[in-house]
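Subject: Handing over the structure

Hi there,

Here is the structure I promised to pass on to you. Have a look at it first, and then read on for my notes.

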Amino acid sequence: MSLSGARLAIVRRTILLLATALALTACGSGDNNAPIAPGGDTDADQSLRQLTIGITQYPSTMHPNIENMVAKTYVRGMAARAITIFNHDWELACSLCTELPTIENGLAVLEDTPDGNPGIAVSYELPAKATWGDGTPLTTKDIVLAYDVGRDTTTGSNNIEMYRRIYKLEVHDDKRFTIHIDKVTFDYNGLGDLYPLPDHIEREVFEADPYEYRHRTQYNANVTNPGLWFGPYLISEAQQGSYLVMTRNPHWYGKAPYFDRITVRAIQNTSAMEANILSGTIDMIGGELGLQLDQALAFESRHGEKFNIVYKPGLQYEHIDVNLQNPILADKRVRKALLYGMDREQMNQRIFSGNQPVADTSVSPLDKVASDNIVKYGYDKDKAMALLDEAGWTDMRDGVRHNAEGQPLKIEIMSTAGNKTRELLEQVIQGQLKEIGVDLRIRNEAPRVFFGQTTRERRFTGLALFAWTSAPENVPRSTLHSSEIPTAENNYSGQNYTTISMPELDAAIEAVEKTLTLEERLPYWEKIQQIYAEELPVLPLFWRPNSFILPHWLKGVRPTGHLNSSTDWVEEWRRE
Amino acid sequence: MRQFLLNRALQSLVVIIIMSFVIYSLIGLMPGDPIDLMISANPNMTASDAAALRELYGLDLPIYERYWNWLGAALSGDLGYSRLFGQPVLAVLLPALKNSLILMGTAFLLAVCIAIPLGTLAASKPRSAVDYGVNLFAFAGISIPSFWLALMLIIVFSVFLGWLPAGGIASNGAGLLEYVKYMVLPVATIATLSIGSYSRYTRSSMLEVLRQDYVRTARAKGASNSRVVWKHALRNAMIPVVTILALDFGYLFSGALVTETIFSWPGMGKLIFDSVMGNDFNLALVALLFATALTLIGNLLADICYALLDPRIVIGGGKA
């Protein structure tokens, strides 16, 4: 063969290779709109009963009672149910019980604890047909195991306080049980953190070595075991860090879900998430762990007509904690001036297209205990300047106010680095406060440092911008009660980072907790909100919404706005 | 040779032990432990609860004591449990390692197979259109940020053309074709970036070798240009390139964080990042040590390759 012949052969081989590669690729092409599910099932008919969801986090453990994380809550909603739940109207309701126990219906009875203190006995009944995914009936044995695991401090359960308060669990039969609580509070009948554990699978693992239970539980070792789940779906496949596949539970006792198969895919990068939904690789983006509001708004402006984009404001409270130990910020007039100097409504309109309502206190206006009889702080530059003058910050030098001692009005604001929305807000606030002579300095940190150390140990010198997520009618004991101020002595326990300490506020918080009827609680709630708005230990900013990006054909997805995920009603989801 | 390998193995062991302490200490020095984060998230957690949990996770001990306990257990074969995933470290690590190896290995092989011929071709025809073309491609490969390239590939091949999935990994039991479909874009991203640097190294090394006397002699003897380049020069030109390839060997197992994140590929890069950010001592430590050990092995392989490529190099202190 001549040299040119050899070259020709190489060219021929190259063309052949390229053609093969193209053919292989072409084999992979199909209907752009059909979801490409892991497993390669792109058949059009089957895909109609399939749904692929994108979220930004993969649940690290699937044990229902160990470690709290939003991704787990999202997936768990499809495969398990807590005893009680907050519904779409933000009312407590039964999820895995037949009737919500109340004092009025006689299922909750006031009693004395063995120590002679006031306590309460609350009785529940499990649904008769509740069954684990392997066909084993779900009984009170499974509740007892959850209680035993929760009470054992070596297991690392996430709501130790709840298990401590339930000092006795009494079993009446396979379906009925009573818990005895050592304290009477208005939320006595909420059992949202208690998920049954399958006694026939997990009891043996737990009793073999309670200390090692959290490592050896089947929820970690064999998460696809159908006997671990009892919701509308079972986890049938899991690829650590990538996706979870849920398939119908043949033993589900409630309304049959529409979809045969739901795949939940973790896509951390939000730009990649957008590309995934545009390419049809995923069908929807879950709002609980999806795009941030500004990203969703940008997405809507480009592709809004192709999707149903739902913004659900709820209980995510963006705010600025004030370090009241800072001498400048200890002056209430300065705190008020700061809030008057921020045009929050303008920020809402310009940055969030009006979708992020301005907050007045830590109680959501959607909450039944919200009060309108409070001081409100609309943007008022003149009032802000007058308050600063009154506080002694009168000497304006180079655009910054100084007091009589020549000290500049310089305040530091900190937040979570990498959160683009918060970084943008800080810059806007910095600009607005500059107009009233406040020199606001921005210093952000990685979230793990900011939350793990800076806020908890009050290492922020001035202001800390972050968010709280809570449940409806959440008593602000941990954030506002004087006993909850983190100190070195109490191992930095508590979340009262601002260090507000007012006997009047403590009394109102304690009264709310103890008062059983809503009508009687409302005045105390109003008092808390009035003190909050008047004293401003925290500068309220916004109620952050979740952004759900859904295909037009998907119906029945109802965002809740609170801690309970939309997946807790996954059996209502359908294609139309 | 045996003595050389033994010495290198001992050196590597010492390096790994030192690295294990350095990594453990650095992770331990990061502010905020897992219990701090739990306290932030759980308003009902009391001081005594937090103390009990610290004891449970062994976080109440001084860092050197924790390290000593870990080392003792590791030497007896117990690498511990991942705090984040609640599973034995190896059970979490091995699937991620496999995924990274498949992804990075394929990209590495593809990059080597394309970059070396490209670099050689460019060097054999300096200042020609081919040379300029290869250089342009190489500089583009080196300069383009991986996240941008990845997103562009997704937009073109997934969003516009709909040929390939935008990310993820094929499910267990899926066919080879299905698996390949999920690999194409991340492999293309990583390979494109590697091709740029490998082809530049190859070109530069080849240009150096082509100026050597023995190459001139070969040409004087009438050997064809392709024979001179591919048979005589390439082998010697590969010595510095092998160093680079060997150093990249460790990356095969430590993953590519950005590419893995954008394509949601559950590999080592993402796992190491998540474990460090999640304060998962055991997992982060073992994963990082794995990467360290494999980089050391890569260096050792490079030394052995030198001897294979150049008979003048004798490893282990023999006569050259």
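Let me begin with helix α11 of chain A, where Val334(A), Arg335(A), Lys336(A), Ala337(A), Leu338(A), Leu339(A) and Tyr340(A) are buried. Buried here stands for a relative accessible area under 20%, exposed for over 50%, and partly exposed for anything in between, computed with a 1.4 Å probe on protein chains only. Helices (H or I, at least four residues) and strands (E, at least two) are DSSP runs, numbered from the N terminus. The helix spans residues 332–340, and because seven of its nine residues are buried, it is largely enclosed by the rest of the structure.

Before going further, please keep in mind that this is a predicted model, in which local features need pLDDT of at least 70 and side-chain atom pairs count only at pLDDT 80 or more, while totals for chains, interfaces and linings use all residues. Residues are numbered from 1 along each chain as its sequence is written, chains are lettered from A and ligands numbered from 1 in the order in which they are written, and side-chain values use heavy atoms, with hydrogens and water left out.

Back to α11(A). At its start, a side-chain oxygen of Asp331(A) comes to within 2.9 Å of the backbone nitrogen of Arg333(A). Arg333(A) is partly exposed, its relative accessible area being 30%. The side chain of Arg333(A) also meets that of Glu390(A) in a salt bridge, at 3.9 Å from N to O. (A salt bridge is a side-chain nitrogen of Lys or Arg within 4 Å of a carboxyl oxygen of Asp or Glu.) This pair ties together distant parts of the chain, since Glu390(A) sits in helix α13 (residues 381–390) of chain A and Arg333(A) in helix α11 of chain A, 57 residues apart. Glu390(A) itself is exposed, at 53% relative accessibility.

Over all chains, a search of the whole structure gives 35 salt bridges.

- Arg574(A) pairs with Glu576(A), with the closest N and O atoms 2.8 Å apart. Arg574(A) is partly exposed at 33% relative accessible area, whereas Glu576(A) is exposed at 58%.
- Glu457(A) pairs with Arg456(A), with 3.9 Å between the closest N and O atoms. Arg456(A) is buried, with a relative accessible area of 2%.
- Asp148(A), Asp199(A), Arg203(A) and Glu207(A) form a network of salt bridges.

What does Thr455(A) touch? Leaving out residues up to four places away in sequence, its partners are Phe450(A), Phe460(A), Ala464(A), Phe466(A) and Tyr497(A), where contact means heavy atoms within 4.5 Å. Thr455(A) lies in the loop between α15 (447–454) and β17 (463–469) of chain A, and it is buried at 1% relative accessibility.

Lys141(A), by contrast, is exposed, with a relative accessible area of 55%. You will find Lys141(A) in helix α4 (residues 140–151) of chain A.

Next, the cysteines. How many disulfides are there over all chains? The count is one, taking a disulfide as a pair of cysteine sulfur atoms within 2.5 Å. It joins Cys94(A) to Cys97(A), with 1.9 Å from S to S. The torsion about that S-S bond is about -105°, so the disulfide is left-handed. Cys94(A) is partly exposed at 25% relative accessibility, while Cys97(A) is buried at 8%. Over in chain B, Cys113(B) is exposed, with a relative accessible area of 56%.

Finally, the place where the two chains meet. Here 60 residues of chain B are in contact with 63 residues of chain A. The area buried between them is about 5,100 Å², with carbon and sulfur atoms giving 52% of it; buried area is the accessible area (1.4 Å probe) that two parts lose on being put together, summed over both. Between chain B and chain A the count of salt bridges is zero. On the side of chain B that touches chain A, the elements giving two or more residues include α5 (89–124) and α8 (176–210) of chain B. The most comes from α3(B), with seven residues.

I hope you enjoy exploring it.

Best wishes

Terms used
Polar contact = N/O pair within 3.5 Å; in protein donor to acceptor, adjacent residues only side chain to side chain.
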